[in-house]
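Here's a quick briefing to read alongside the model. Have the viewer open and follow along.

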Amino acid sequence: MCIVYLVAFLFSLTSEQCSSKLIEDSSQSFTERMNTGKTSFIYFGNHVDPTLKLFLEQLEMSADALQDYGISVVKVNCSTDAIPNYCTGEKLMTKAFLFRGSEVLRSFEVDTVFDVNAIVSHVLFSVLFNEVRYVHTPAELQHVESTAKQNSDIVVGHIPVLGLPEHRALMEAAFVYGTKYQFVQTTGTLVLKHMGVVDPSSSQARLWFLHCKAVSRRSDPCPSSPMRKPLDTINIHTFLQLMEAPLVTEAELDPSEVDVVHMHLGVPVLYLFSQPQTHNLDLESAQTLALQLRGEVGVVLIHRDSPNVKTTSKYNAAYRLPREDVKYFTLKSAEGVVKLFKEELLHERGLEDEEEDEEHWSDLDILDDEVSESVYRDRDLLLELESVIELTSDTFPTTVTQNDITVVLFYFKWDAVCMAFIQSYVEVADALEGMNGVKLAAVNCGEWTDVCSDQNITSFPTVLIYRPMAAARLYRGMLGTKSLHRFILLSLVSSPYHLSSSAEVMSFLEGAFYRKHMFLTPVRMLGLFSSTHDMGVASFEEAARLLRGETVIGLFAHKEAEQWVEGLSVNLPALLVSRGPGVPYEVYTLPSSSPTDHVSLMQQVELDRFPELTVENLPWYLDLGKPLLLLFIGKEDSTESMKALAEIKRPLSSGELDSFLPCWIHLGRTPVGRSILEKHLGFVPPLPVLVMSRLKTGGEVFLFPPERPLMAKNILQWIHDVENGQEQPAGLIPDGKWDPPVPFFDFLEIMDQEAPTYAAQRAPKMKTGDREDHRERKHATPNQRQTPHPSPNPQAPRQHSEL
């Protein structure tokens, strides 16, 4: 049952169905239902009564949710079908009934099942009455524990008020996992005291996992692990998965290459390094820490004696937060690491989820730029720059030639974007501290103008990568920690990586070499040439050097290269693209011209054919200039919609609709997608929704008809109708200006008002032409004025900031 109902458990809270599952029974169908033996939740009411409209709406919503659990929700209109014993007297319109066949399991006052959460929770609790134990006192809980010891684990939920979303979440979990764990529900404060809650009067819902199955002696108590996150469906599922995970995982790889279930569940991971001579002691310490952090942090014990472990002995521990890179540190005591996670890291993550108190901010406090505002708010935070080398005109020339890679940030202290990015830059430096051959440095161009001028720095911030005997490489990626860290690590990989045999090619595409770098990018691009003397080899090598740090590129110039394109419609030289094991290779003919053409081809084919658009990758796909077939999905499962859109890829890739780019946005992972959808249409329709966006040709937006099934043939027909002018635009994206959110302050005009003669006395003498220019600027509108700022380099590519 666990597998069958898992999807319902995860997505029933957010499921949005195209049609209602509420059943309307006649007298005959009601009689037939009584003979099926199935479970039904039935309401008997007068169809014309308007006082229960809200309840009927909630009843209809509950039908969608309860259907996933095999429970039908039925409405009987007593004005047309008078069911004996239920359509008369006080029961009419005031009660709902839970049937199993013809047996009434329980009746509910309508005021009790007041909304969809109350309906689902009360119905499931009644259905699971014999499976979910209800306890009032610690003695009753201890009796359940005694029975479960050495047999099964226990999930204890404290629900202060029945019928709320927390109650529903617990009951849905019990329905899914009831055959695996013993579920216990309580509402009293006595059990809270028994479980060690400091403030039993709190109205917060709580959950514990009692580890009774692994108790060695029945006289021993069951250890407990509290769930510290809000009690909702996803958090319960994640928590139970964590309880099933190994207490300590042992590995023989570097932390960045270890894959544990905690990373997939969005939970931090702590890595401890073990020496062979102290392994037993290290394992015991790791288990002790894991018990204290269980449910919140995963613990991995790394065997340092393994040849696969390259981490410097300077560190004995590391940690990795969700969606971040590994950070190393020196562990001095077990208490220190517990404090690090519980009081600092986990506390900081909790604060991110809380709304900031903004009441003390007046309108005048809001700056005219979001980056400037964030820097202003963090102005009291001191940055620790120990891991970043501050360069001067004397130290710059020697520093950039001493290391395999020297990363240099050129910045101004008074520039908001620079100060925001430098925080990410320091984080990258801390993560790479101790790595041989890599140094991160910075130059303050406000102090060392000669250095910045010599390096032709005209826009800020700018990051250059220096290597001995090579030209400086401009970093063009996002101004954020993750992107820069990935770029530097990819820069350490030879580009191109020269391969000498088919066995090395297989390792490059799917084997040991692939696994070593797969956490950076799953894409591998391989240039195939028949010989090293091929005229295109030199151009390909130059292109690979230009793309170093952006992707992984290999070169196989050998007579065996012909085997890799055998049976395909291309000849050598060719470009083979691999997107990971199990994914069919893509092969393209290499243009035998300049390195620029090679770069353009490789940048284009690296992009996903059916991408999930995010804040980070959106600019790259917009640069393609293609109209977007954009599917918006929410937190619910939209597998059928995804498959339908994926089917369009075949005619697109074959050239029939090559001018479009199919893509999608998950509003749960990319919340800004909701604003994009509203900007496209002027409103947010029910999800999933498919739109066609023509940003390059007038900004027209077309909406796939919501009444039509989102199937491949319907989508293709709709696309052709749009192309033939048979569909009208549903929206239009205006070509608006990005103006400041607050009015422009004309400080010169304010000075004139305060001291009319002061500005005139201080102004320098101007020529006639200059005076006319000044007069034009003075009478210009606020949006026509410009703020002095170093002019950006027109040749430099735009850097898309994550900040």
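Five strands make up an open sheet with mixed pairing, in the order E16-E18-E17-E19-E20; strands are DSSP E runs of at least two residues and helices are H or I runs of at least four, numbered from the N terminus, and two strands pair if DSSP finds at least two bridges between them. This is a predicted model, where local features need pLDDT of at least 70, side-chain atom pairs count only at pLDDT 80 or more, and totals for chains, interfaces and linings use all residues. Residues are numbered from 1 along each chain as its sequence is written, and side-chain values use heavy atoms, leaving out hydrogens and water.

**The sheet and its helix**
- At the edges sit E16 (389-390) and E20 (473-474), each pairing on one side only.
- E17 (residues 405-411) runs antiparallel to E19 (residues 462-466) over 5 bridges, and Thr-406 stands opposite Tyr-466 in E19.
- Helix H14 (residues 416-432) lies across E17, E18 (438-444) and E19, at about 160° to E17; axes are lines fitted to C-alpha atoms, for helices over the stretch in contact (heavy atoms within 4.5 Å), and angles run from 0 to 180 degrees between N-to-C directions.

**Nonpolar cores**
- The largest nonpolar core has 57 residues, and Phe-396, Val-408, Phe-410 and Leu-440 have the most contacts inside it; such a core is a set of buried Ala, Val, Leu, Ile, Met, Phe, Trp, Tyr and Cys residues joined through side-chain atoms within 4.5 Å.
- H14 gives this core its largest share, 8 residues.
- Another core, of 49 residues, lies apart from it, and Leu-22 and Val-113 are among its members.

**Aromatic pairs**
- The structure holds 26 aromatic pairs (ring centres of Phe, Tyr or the six-membered ring of Trp within 6.5 Å; stacked under 30 degrees between planes, edge-to-face over 60, tilted for the rest).
- Phe-396 and Tyr-466 are edge-to-face, 5.6 Å centre to centre with 90° between the planes.
- That pair links distant parts of the chain, with Phe-396 in helix H13 (residues 396-402) and Tyr-466 in E19, 70 residues apart.
- Phe-412 and Trp-414 are stacked, at 4.7 Å and 20°.
- Phe-412 counts as buried at 12% relative accessibility, whereas Trp-414 counts as exposed at 56% (buried is under 20% relative accessible area, exposed over 50%, partly exposed in between, with a 1.4 Å probe and protein chains only).

**Ser-578**
- Ser-578 belongs to strand E24 (residues 574-578) and is buried, with a relative accessible area of 0%.
- Its C-alpha lies 6.4 Å from that of Leu-509, 69 residues apart along the chain.
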